[in-house]
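Thanks for coming, everyone. Please look at the screen while I walk through this one.

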Amino acid sequence: MSYRVHVRVMPRSGLLDPQGQAVEHALGELGFPEAAGVRVGRAIELEVAAPSRAEAEARARLMCDKLLANPVTEDYLLEVEEP
Amino acid sequence: MLDVAVVRFPGSNCDIDTVLAVEAAGARPELVWHRETDLRGADVVILPGGFSYGDYLRAGAIARFSPVMQAVQRHAAEGGPVLGICNGFQILCEAHLLPGALLRNAGLAFVAKPVDVVVERSDTPFTSTYAPGERLRLPVAHGDGRFAAADDTLRLLEAEGRVVLRYVAATEGSPLQPNPNGSANHIAGICNAAGNVVGIMPHPERAAEPLVGSTDGRGFFASLAAWQPESFIPKASSR
């Protein structure tokens, strides 16, 4: 079975996110002063071949821990689609 | 004469400058391609600056998995000196040979200019020819140089005196600004607990010839050329 996995990697809260700040500033300039708390992260999608959804998620979690996210500075969220 | 492996990753661009600086200091440099699995008996390893793998994902994140990095890990574990310059520093952090991470500059812009740093550790294999507290003017050239680490890691680095280089305000009257990237505690370079693995953001290989305006960086290469394996006793520790 192949499962589509969506990974969302975000800078850890509390760490300075200059990209988020720059985007927030630009939104304000554009006439969206209501935009606040902007943070910029990264989305990664992949197919994971696994015998079960739980197994696919476990493997994807390992991929995040080892490569897709930096445990020092980033947090990630995983979503596994039903095939 | 010491053998110095300068590792070349796809996207390295300071490798030749590094080789020339090593050679000028009187050691024997050899370029080692990142696919290789051993360091050919090198005494010292340098991971040079550049943009390995185009900085894809995160700077240094993919180079860390190059085959040669296993040999670098072994070399470091045995107490062999390893210097990471700029992208090399980023790779050492991603490889967990050094703690922390290097994030996008606080000002977002790529910063390429001379900065002033102070040498806080002169007992590493790469800084032994400098005096403690010596000030250097070295070029930086990076987009991701903001050193960050968990608070307890920062406290540990400071408590153990593992900050090798720190950005300092230039001498009075100079227009140069300290801390070009917003790094924690103005950190420009650190070492591991044993002191044999050193990572720095500034480029000493770009300040090793009078022709380019500064020779302040020569000491890094003079130090490694003078390094004697038997004289260096790594401090015992986990990392």
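How many residues of chain A are in contact with chain B, and how many of chain B with chain A? On the chain A side there are 9 residues, and they are in contact with 12 residues of chain B. Keep in mind that this is a predicted model. Helix α1 of chain A, residues 18-29, gives the largest share of the chain A side, with 3 residues. What is the make-up of that side of chain A? We have 6 nonpolar residues, 3 polar ones and no charged ones.

Now chain A itself. Its 3 strands make an open sheet, in the order β2-β1-β3. The pairing is antiparallel. At the edges sit β2, residues 42-49, and β3, residues 74-80, of chain A. Each of these edge strands pairs on one side only. From one strand to the next, the twist averages 25°.

Take one pairing in that sheet. Strand β1 of chain A covers residues 2-11. With β2(A), strand β1(A) pairs in the antiparallel sense over 8 bridges. To find your place, look for A:Tyr3: opposite A:Tyr3 is A:Val48, in β2(A).

Which helix lies across these strands? Helix α2 of chain A, residues 53-68, lies across β1, β2 and β3 of chain A. Against β3(A), helix α2(A) runs at about 160°.

On to chain B. DSSP runs give chain B 5 helices and 11 strands. Along its principal axes, the C-alpha trace of chain B spans about 50 × 35 × 35 Å. Of the 239 residues in chain B, 55% are buried. Next, sequence separation. Take the contacts in chain B between residues at least 6 apart in sequence: 77% of them join residues at least 24 apart.

Here is the sheet in chain B. It is open and has 9 strands. Read across, the order is β2-β1-β3-β4-β11-β10-β9-β6-β7, and the pairing is mixed. The edges are β2 and β7 of chain B, with β7 at residues 135-142, and each pairs on one side only. Direction ignored, neighbouring strands of this sheet are turned by 25° against each other on average.

Let me show you two pairs from it. First pair: β1 of chain B, residues 3-8, and β2 of chain B, residues 28-33. These strands run parallel, and 6 bridges join them. B:Val4 has B:Pro29 in β2(B) as its bridge partner. How does the chain get from β1(B) to β2(B)? Through helix α1 of chain B, residues 15-24, in a β-α-β crossover that is right-handed.

The loop joining β9 (163-167) to β10 (187-191) of chain B holds B:His186. B:His186 is not a glycine, yet its phi is positive, at about 60°. Is B:His186 exposed or partly exposed? Partly exposed, because B:His186 has 19 C-beta neighbours inside 10 Å.

There is another histidine to point out. B:His96 is in the loop between α3 (87-94) and β5 (101-103) of chain B. B:His96 also has a positive phi of about 60° without being a glycine. Why does B:His96 count as exposed? Because B:His96 has 12 other C-beta atoms within 10 Å, and 12 or fewer counts as exposed.

Last stop: B:Ile91, in helix α3 of chain B. Buried or exposed? B:Ile91 is buried, because 29 other C-beta atoms lie within 10 Å. Which residues is B:Ile91 in contact with, leaving aside neighbours within four places in sequence? They are B:Leu47, B:Ser52, B:Gly60, B:Ala63, B:Arg64 and B:Gly84. As for B:Val22, it sits 69 residues from B:Ile91 along the chain, and their C-alpha atoms are separated by 20 Å.

That's my tour. Over to you.

Key
Residues are numbered from 1 along each chain as its sequence is written. Chains are lettered from A and ligands numbered from 1 in the order in which they are written. This is a predicted model: local features need pLDDT of at least 70, side-chain atom pairs count only at pLDDT 80 or more; totals for chains, interfaces and linings use all residues. Two residues are in contact if their C-beta atoms, placed from the backbone, lie within 7 Å. Helices (H or I, at least four residues) and strands (E, at least two) are DSSP runs, numbered from the N terminus. Ala, Val, Leu, Ile, Met, Phe, Trp, Tyr, Cys and Pro count as nonpolar, Asp, Glu, Lys and Arg as charged, and the others, Gly among them, as polar. Two strands pair if DSSP finds at least two bridges between them. Axes are lines fitted to C-alpha atoms, for helices over the stretch in contact, and angles run from 0 to 180 degrees between N-to-C directions. A crossover is right-handed if, with the strands pointing away from the viewer, the path from the first strand over the helix to the second runs clockwise. A residue is buried if 20 or more other C-beta atoms lie within 10 Å of its own, exposed if 12 or fewer, and partly exposed in between; C-beta atoms are placed from the backbone.
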